[in-house]
Amino acid sequence: MAASPPPYNPVPVAYQGGAGAVPVWLNKGDNAWQMVAATLVGLQSVPGLVILYGSIVKKKWAVNSAFMALYAFAAVVICWVSWAYKMSFGDKLLPFWGKAGPALGQKFLINQAALPASTHYFSDHKTVETAEITPWYPMATMVWFQCVFAAITLILLAGSVLGRMNFKAWMMFVPLWLTFSYTVGAFSLWGGGFLFHWGVMDYSGGYVIHLSSGIAGFTTAYWVGPRVKKDRERFPPNNVLLVLAGAGLLWMGWAGFNGGDPYAANTDSSMAVLNTNICAATSFLVWTWLDVIFFEKPSVIGAVQGMITGLVCITPAAGLVQGWAAIVMGVMSGSVPWFTMMIVDKRWKLLSAVDDTLGVVHTHAVAGFLGGILTGLFAEPELCALFLPVTNSRGGVYGGSGGMQILKQIVGALFVIGWNIVVTSIICLVLRCIVQLCMPEEQLLIGDDAVHGEEAYALWGDGEKYDVTRHELCSDDMSHAQKYPPSGATQVV
């Protein structure tokens, strides 16, 4: 008697799970998008910010600046899988911190992704309001996706101390700050900490990444000290075209930055990507218009700053606001950080005294704080229901609990600011007992060739038009030429 055929399965064979590397819970589309999103965020750092940092600084700091970014990326990857991932997204240790542990074994990595502390209960602490976050892909995907966010945070922080921080100090600073600062913000707001359950909105890192990197960068710049006077007075970019290349990678990569945070390829992800581009374009235009109106010239570097502030501002709100709100946020992000950078920075002694090389406190801290507050104002209830653990969440313009939401956003920002000031200061004070935070004077005067034995270009100049009265062959101070003879690969060429 012939065997009966297997029952008909309407699901195409390619999408049927239950065997080998395709378990029944795996959604191939979600997994593919999450891996692509992680790669896009990784490309923002390497090569995006590596190129941007290496080209936006004075020629003598091109190699050092680019390498600080590249080193941070590599160091974070190892620290993340060794202990930091579970501190950020693992089981709860404290209301603001997860339990440390490695994320390296296959028994952990090939299981379905889950954030164990994310189950949200009603006020009785017994009835589940929102179930545990369990995306339809393996934990390995989640670990890598969150890793590239952690890495770019350290790289953004580095923008505040380019052109003078001792590289040895930076090598020690990266794992310490990741461990004691980043993991706290990530767990508190994303991993199931007290701000997550209270309902503070941070869709994709306006607070966790941008506010923290801006505040921590400014604090680190205070403890490291300023660049040499000559660098502070004139610090022209050595290659504006490459600045645009790096900025372009940053902008396009933000599709993964914001589009990946619903942890699925869904409608909210699409909304986030569209809003991201709307806000960035608006901010770019507003900043450029302000430069033309007040300085009579459209600055390319200024336009890049405007693009960045727009991307930062929309980050906490990307999938939570409507398109018209994204335009309003773009107008605000193109004008408020412009005002703090161009006007307030020169008039407020604290800001002018601290040498924040790339103005990260303006482009990331101010823009991130602004975005968080505007999220509390414009968050649309239906979009909130697609993403947030606290039901009935809404922004202030929608009435109801919206007014309270703005207060929550302010409190969340103050926690991130306070924690980063204190912890970053402690890290710098401890490191100062071990190694000099700032480079020695001779390295500050010469730059890359003294620090790394390499130079970005085998040419004279610091990205300026040649002027025989101001330029030497390769550095700001040729009196050290005998002490530091040319030794880099470019000199061999």
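Visitor: Why is the crossing of α5 and α7 called right-handed?

Guide: A crossing is left-handed if the near helix is turned anticlockwise from the far one by less than a right angle, and right-handed if clockwise; the crossing of α5 and α7 falls under the right-handed case. The axes of helix α5 (residues 167–191) and α7 come within 10 Å and cross at roughly 145°, where axes are lines fitted to C-alpha atoms, for helices over the stretch in contact, and angles run from 0 to 180 degrees between N-to-C directions. This is a predicted model, in which local features need pLDDT of at least 70 and side-chain atom pairs count only at pLDDT 80 or more, while totals for chains, interfaces and linings use all residues. Residues are numbered from 1 along each chain as its sequence is written, and side-chain values use heavy atoms, with hydrogens and water left out.

Visitor: Which residues make the contact between α5 and α7, and how do they divide by kind?

Guide: Contact means heavy atoms within 4.5 Å, and here F173, W177, Y182, G185, A186, L189 and W190 of α5 meet Y207, V208, I209, S212, A216 and T220 of α7. These residues divide into 10 nonpolar, three polar and no charged, given that Ala, Val, Leu, Ile, Met, Phe, Trp, Tyr, Cys and Pro count as nonpolar, Asp, Glu, Lys and Arg as charged, and the others, Gly among them, as polar.

Visitor: How do you know that α12 and α14 cross, and what kinds of residue lie in their contact?

Guide: The axes of helix α12 (residues 323–347) and helix α14 (residues 360–378) come within 10 Å, with a crossing angle of roughly 145°, and this crossing is right-handed. Their contact includes W324, M329 and D345 of α12 as well as H362, L370 and F378 of α14, and its residues divide into 13 nonpolar, six polar and one charged.

Visitor: What makes a stretch count as a helix or a strand, and how many of each does the chain have?

Guide: Helices (H or I, at least four residues) and strands (E, at least two) are DSSP runs, numbered from the N terminus, and the chain comes to 19 helices and four strands.

Visitor: Why is S204 called buried?

Guide: Buried means under 20% relative accessible area, exposed over 50%, and partly exposed in between (1.4 Å probe, protein chains only); S204 has a relative accessible area of 0%, so it counts as buried. S204 lies in the loop between α6 (194–198) and α7 (206–224), and, leaving aside neighbours within four places in sequence, it is in contact with F149, W190, I209, F257, N258, D261, T315 and P316.

Visitor: What kind of peptide bond joins V46 and P47?

Guide: The bond between V46 and P47 is cis, with omega about 15°, and P47 lies in helix α1 (residues 28–56).

Visitor: How do you know where to read the model with caution?

Guide: pLDDT is the predictor's confidence in each residue, from 0 to 100; the chain has a mean of 90, and 89% of its residues reach 70 or more, but pLDDT stays under 50 over residues 473–493. Where pLDDT is low, the predicted coordinates should not be read in detail.
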